Amino acid sequence: MKILVLAKQVPDTDKVKIDPNTGTMIREGLDAVMNPLDMHALEVALRIKETTGAHITVLSMGPAKTEEMLKDSLAFGVDRAILLTDAAFAGSDTWATSYVLSEAVKRLKIEYDLVLCGEKATDGETGQVGIEFGVLLNLPIVTYVSRIFEVSKEFIVVERTTEEAFEKWKVKLPAVISVLKSVAEPRLPTLNGKKRAMNQKIEIYNAQTLGFKPEEIGLNGSPTKVIRVCNTKLTRNCKLFVGKETTVGVRKVVELLKPFLRK
Amino acid sequence: MLMVISNKVDRNTIELLSKACELANRKNFEVSLLLMSAIQEKLEQLKGYADNVILMISKQFEVFSLDPFLVNAEMVVRKYRPEIILSSATTFGRTLMPALAAKLKTGLTADCTELDIDEKGNLLQTRPAIGGNVMATIVTSTRPQMATVRPKVFQINPPTKQKTKFIFEQPIFVADRCELIGYKVREEEAKIEEADVIISVGKGLRRKENLDVVYKLAKFVNGAVGATRAVVEAKWLSFDHQIGLSGKVVKPKIYIAAGISGAVQHLAGMQTSQTIIAINKDRYAPIFKVADIGIVADAYSILQQILEALGDEKNA
Amino acid sequence: MREFIEKLQQIVGVENVKTDPDELERYSKDETSEIEHQTPLCVVFPTTAEEVSQIMKLANLYKVPVTPRGAGTGLSGGAVPIKGGIVLSLEKMNRIVEIDRENMVAVVEPGVITDEIQKLAEEYGLFYAGDPASSESSSIGGNVAENAGGVKVMKYGPTSHHILGLEVVLPTGEIVNFGGKVLKNVMGYDMVRLFVGSEGTLGIVTKIIVRLIPKPKYFATLLVPFDNVERAVLSVPKILSESGILPTSIELMDKQSALMASTFLSENIPHQDAECHLIIEVDGTDKDGLARTYINLGEKLQQMGALEVYIADNRYQRLKIWKFRKAIAEGIIAFRPRHCMEDVSVPIKEIPKLIMKTYEIAEENKLEVLNFGHVGDGNVHVTFLKPEQMSEQLWKENLEKALVDLYQTTAKLGGTITGEHGIGIKRKKYLSIFMSKNELDLMKKLKRIFDPNNVLNPGKVFD
């Protein structure tokens with residue numbers, strides 16, 4: 001069985017710093033790690049590999065730094081890591097990203113029986129690429145997968161969690177499965193894995209070698225464009241009660257809550 | 001035409017239609033709802049909220065599966081050629097819309113919290129970006145322009161349309177590559193989205209036992225208990241209580257943030273609440289920036305004082 | 001007494017003197033389990049050193065005991081009023097006065113939560129290396145009073161290593177200043193060191209100058225399961241003396257501790273069934289160098305019989321490891337409220353003997369025991385748990401026997417009764433196991449000079 005994991009690199013931080021002038025994120029000095037939600041997808045792949053045997057490819061499009069993240073993924077026992085990187089890819093929206101990824105799969109003849117990805121990336125938070133990728137390759141897609149029950153050559157049985165229900169789906173392979181956190185807890189890399197990964201190569205392709213035209217990729221190939229960014233100045237006029245005044249504050253809150261008192 | 005796609009008649013759909021009518025007025029667009037469901041019910045609730053309700057009724061739409069929904073939605077969209085398509089940012093909208101966008105080779109903006117239309121008919125789609133730190137406004141150069149919209153962001157307006165036309169479209173049967181073999185309704189511990197008052201706690205409450213006073217207070221005012229991610233991760237409360245980017249988005253009348261410093265991820269889930277009360281020891285905590293009333297003190301002791309005072313009110 | 005309280009109210013304002021019973025109850029405990037206390041007359045919340053000074057003068061006049069208190073997260077009863085009197089909470093003195101980037105120091109008030117200093121320092125690329133495990137909830141004043149340690153002590157040292165100067169209100173009310181924004185200072189006795197760790201018995205700290213250092217850029221955390229506690233612990237002195245690497249932390253959790261943590265988190269730790277796990281963290285300024293370091297370290301651990309060596313070198317994975325370590329204490333508090341968490345510290349070579357002995361002691365006294373802590377610096381939180389079936393009476397008796405045995409063993413190994421939690425009231429009666437009469441007497445004389453009326457935190461450290 002061949003498994004393709006789509007992964008995105010995100011900055012390794014929980015404290016986002018914003019450039020006050022441009023409104024963009026300051027990424028300088030931040031390491032690239034795999035999107036935490038994609039790690040859960042990778043874990044599913046690794047477990048399938050452990051139980052039934054599988055060949056795992058991780059595919060990512062991103063800046064050159066993404067190589068670090070792919071190196072890390074090799075330490076887990078990933079068999080093949082492919083990076084699509086080019087300045088011309090920069091500024092891609094979800095459509096352009098899905099287009100490049102799906103075309104790369106076709107053009108590089110990457111084989112797959114199952115495609116796995118995380119529900120969304122922790123930075124962009126759109127959760128669209130996996131789905132658009134699947135449609136472009138005409139694959140069945142199941143989103144919000146919270147459990148894997150069974151995998152065989154022909155199908156996969158999964159649990160999908162929605163607002164109202166837990167659904168059990170039997171899906172024909174090849175298919176795209178996008179997973180929630182709860183699907184499987186990612187493992188930690190081992191020393192031996194890390195050492196092995198040091199000698200493994202990552203395949204790197206640019207726009208030219210993949211045969212993309214400049215107008216169909218990156219900012220040019222993206223139908224959506226950010227026209228304005230503003231800092232979330234949600235600042236309300238907070239009436240602050242400090243020290244001796246806290247009792248006054250408490251009284252105010254009590255007044256506000258009074259109408260809601262259970263009779 | 002401005003089209004809203006939904007698979008049921010619920011609060012989200014009416015919210016979205018309310019906003020759609022507002023936007024459409026400016027450009028004299030028609031508003032249409034594409035309703036794909038297994039049964040026709042609650043249709044009278046839609047009267048006045050759209051010019052057209054396009055009904056596609058099929059057993060295949062009983063539980064959402066991408067294959068039948070995508071083929072049929074694409075068919076309707078190609079026939080009616082809307083300028084704009086909106087759907088809720090729910091598991092339904094967030095699955096169908098990207099698939100539809102890929103089919104139509106057009107752009108899609110996820111999780112919008114503000115929508116507007118400029119004089120050229122461009123949909124100005126605003127969404128929180130970079131963990132809610134900034135608001136990004138996005139336009140789409142291709143057509144149709146598509147966006148999913150966060151639930152509970154827009155208010156429900158009274159119906160404005162004089163006439164609502166109900167149109168039946170015949171769905172086609174699609175061989176589904178996914179087969180539903182089990183279905184279990186989810187029973188949630190906390191329905192915090194519906195509460196008027198939410199008392200939310202962070203690690204500043206210091207210990208799990210202190211939740212006692214929070215529960216008591218919530219009971220007093222018919223409220224619900226919310227939590228930050230840290231509190232959920234420490235297993236003080238279950239995931240159903242989590243508010244924020246990776247949890248729930250809420251908009252109660254009163255939101256009390258107790259011992260919550262206000263990480264952007266949390267703010268993203270509650271900052272549109274009507275009145276926000278923050279209690280935190282640290283007067284520089286970011287939560288005070290989004291609060292209407294701030295009390296700089298230990299959260300537990302303040303909650304206790306509130307509880308006592310309310311108890312007196314109740315007995316009075 | 002009414003007169004006394006009225007005068008207190010004149011000093012700090014009526015609203016800063018609390019007397020309602022719930023409040024008094026709350027301020028008469030800390031996080032030490034099973035500690036006796038007396039309900040105080042009131043809790044006062046001064047906001048300036050001047051107010052603290054006036055309170056102390058008043059207390060001397062009326063001979064009323066004063067128990068100073070930070071965030072109340074102590075583990076030895078140091079902030080617990082045992083002679084009645086008043087609790088003096090420094091919670092409202094919680095300003096970060098300045099971060100002086102050029103001098104790499106921060107000037108703070110005692111009520112600041114330690115993490116707040118860390119967060120602000122990080123904005124400047126700086127780092128407060130003294131933060132203890134409780135930094136999210138403990139205050140810097142409390143850290144100073146108890147000379148708090150933590151998980152980074154083996155490389156960076158405890159709180160005392162990071163305190164450059166103090167403003168202190170003496171028990172008799174005078175305001176004094178020692179030290180400053182200087183790294184070197186041999187002007188007279190090292191009074192700063194004397195106050196740090198004095199457990200609130202020699203003075204009340206009202207301003208603190210802490211040292212900041214450049215923030216290390218890269219970290220790697222190793223999780224290393226072993227099938228034998230002795231072998232794991234033996235590897236610690238070996239790593240330290242032979243590898244040429246000084247980790248920031250070497251933490252141990254034995255099987256019972258890991259079980260406690262994983263139950264609390266509802267998540268298994270890798271190799272859940274291992275007899276114990278070591279958590280080792282290294283930091284550095286360049287990534288490749290750090291990789292060489294952890295490979296070197298990891299290979300040594302493999303040679304010493306590690307079942308596996310997991311390596312986390314990004315924030316996400318590191319948190320995954322550390323959350324288990326942090327959940328042990330939370331788990332104990334949640335599931336086993338009847339426990340006694342100890343804080344003994346021995347020279348690192350002696351750790352295996354100490355730990356193996358704790359299992360014997362527990363067995364002899366029919367108690368359960370778990371061991372976790374900072375084995376890299378010799379500090380182990382031996383924790384005795386009351387078995388479910390055991391009667392209260394027997395628990396008290398057997399625990400007492402177990403503790404005495406534990407302390408005698410520790411003393412024999414050249415260790416100390418407390419590495420980072422302090423004596424407070426919890427351990428004072430055992431101090432004579434570790435100290436001679438002459439040594440104890442000298443400390444008592446010192447206390448008398450500072451506090452002739454014995455009003456400041458009386459009954460702590462010794463009677």
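Me: How many salt bridges does the rule find across the interface of chain B and chain A?
Reply: The model is predicted, and the rule takes a side-chain nitrogen of Lys or Arg within 4 Å of a carboxyl oxygen of Asp or Glu. One pair that meets this cut-off is Glu164(A) with Lys8(B), whose closest N and O atoms are 3.2 Å apart. Across the interface of chain B and chain A, the number of salt bridges found is 2.

Me: Which strand of chain B gives the most residues to the side that touches chain A?
Reply: Polar contacts across the interface of chain B and chain A come to 32 residue pairs, both residues being at pLDDT 80 or more. On the side of chain B that touches chain A, the strand that gives the most covers residues 178–185 and supplies 8 residues. That strand is β11 of chain B.

Me: How many residues of the side of chain B that touches chain A are nonpolar?
Reply: The contact takes 83 residues from chain B and 75 residues from chain A. By class, the chain B side includes 23 polar and 19 charged residues. The nonpolar residues on that side number 41.

Me: What area is buried between chain B and chain A?
Reply: The size of an interface is often given as the accessible area lost when the parts come together. Between chain B and chain A, carbon and sulfur atoms give 61% of that area. In chain B, Thr91(B), Arg177(B) and Arg186(B) lose the most, together 10% of what that side buries. The area buried between the two chains is about 7000 Å².

Me: What area do chain C and chain B bury between them?
Reply: Here 15 residues of chain C are in contact with 14 residues of chain B. Carbon and sulfur atoms carry 36% of the buried area. On the chain C side, Asp22(C), Arg26(C) and Phe264(C) supply 31% of the area buried against chain B, more than any other three residues. The area that chain C and chain B bury between them is about 1200 Å².

Me: Which residue of chain C forms a salt bridge with Lys281(B)?
Reply: Side chains of opposite charge can pair when their charged atoms come close. The count between chain C and chain B is 2 salt bridges. In the one formed by Lys281(B), the closest N and O atoms are 3.9 Å apart, and the partner is Glu91(C).

Me: Which element gives the largest share of the side of chain C that touches chain B?
Reply: Between chain C and chain B there are 2 residue pairs in polar contact, both residues at pLDDT 80 or more. On the chain C side, α2 (21–26) and α9 (255–265) each supply at least two residues. The largest share, 3 residues, comes from α2(C).

Me: Where does Pro174(A) lie?
Reply: Leu173(A) and Pro174(A) are joined by a cis peptide bond with omega about 0°. Pro174(A) is in chain A, in the loop between β9 (165–172) and β10 (175–179).

Me: In which helix do Arg47(A) and Glu43(A) both lie?
Reply: Over all chains the structure holds 61 salt bridges. One of them pairs the side chains of Arg47(A) and Glu43(A) at 2.8 Å, N to O. The two residues are 4 residues apart, about one turn of the helix, and that helix is α1 (residues 36–52) of chain A.

Me: How far apart are the end C-alpha atoms of residues 36–215 of chain C?
Reply: An unreviewed UniProt entry annotates residues 36–215 of chain C as "domain: FAD-binding PCMH-type". Over those residues the chain is 22% helix and 24% strand. The end C-alpha atoms are separated by 42 Å.

Key
Residues numbered from 1 in each chain as written. Chains lettered and ligands numbered in written order. Predicted model: local features only at pLDDT ≥ 70, side-chain atom pairs only at ≥ 80, totals over all residues. Heavy atoms only, no water. Contact = heavy atoms within 4.5 Å. Buried area = accessible area lost by both parts, 1.4 Å probe. Polar contact = N/O pair within 3.5 Å; in protein donor to acceptor, adjacent residues only side chain to side chain. Nonpolar A, V, L, I, M, F, W, Y, C, P; charged D, E, K, R; others polar. UniProt positions renumbered as here; feature names shortened; annotations may be inferred.
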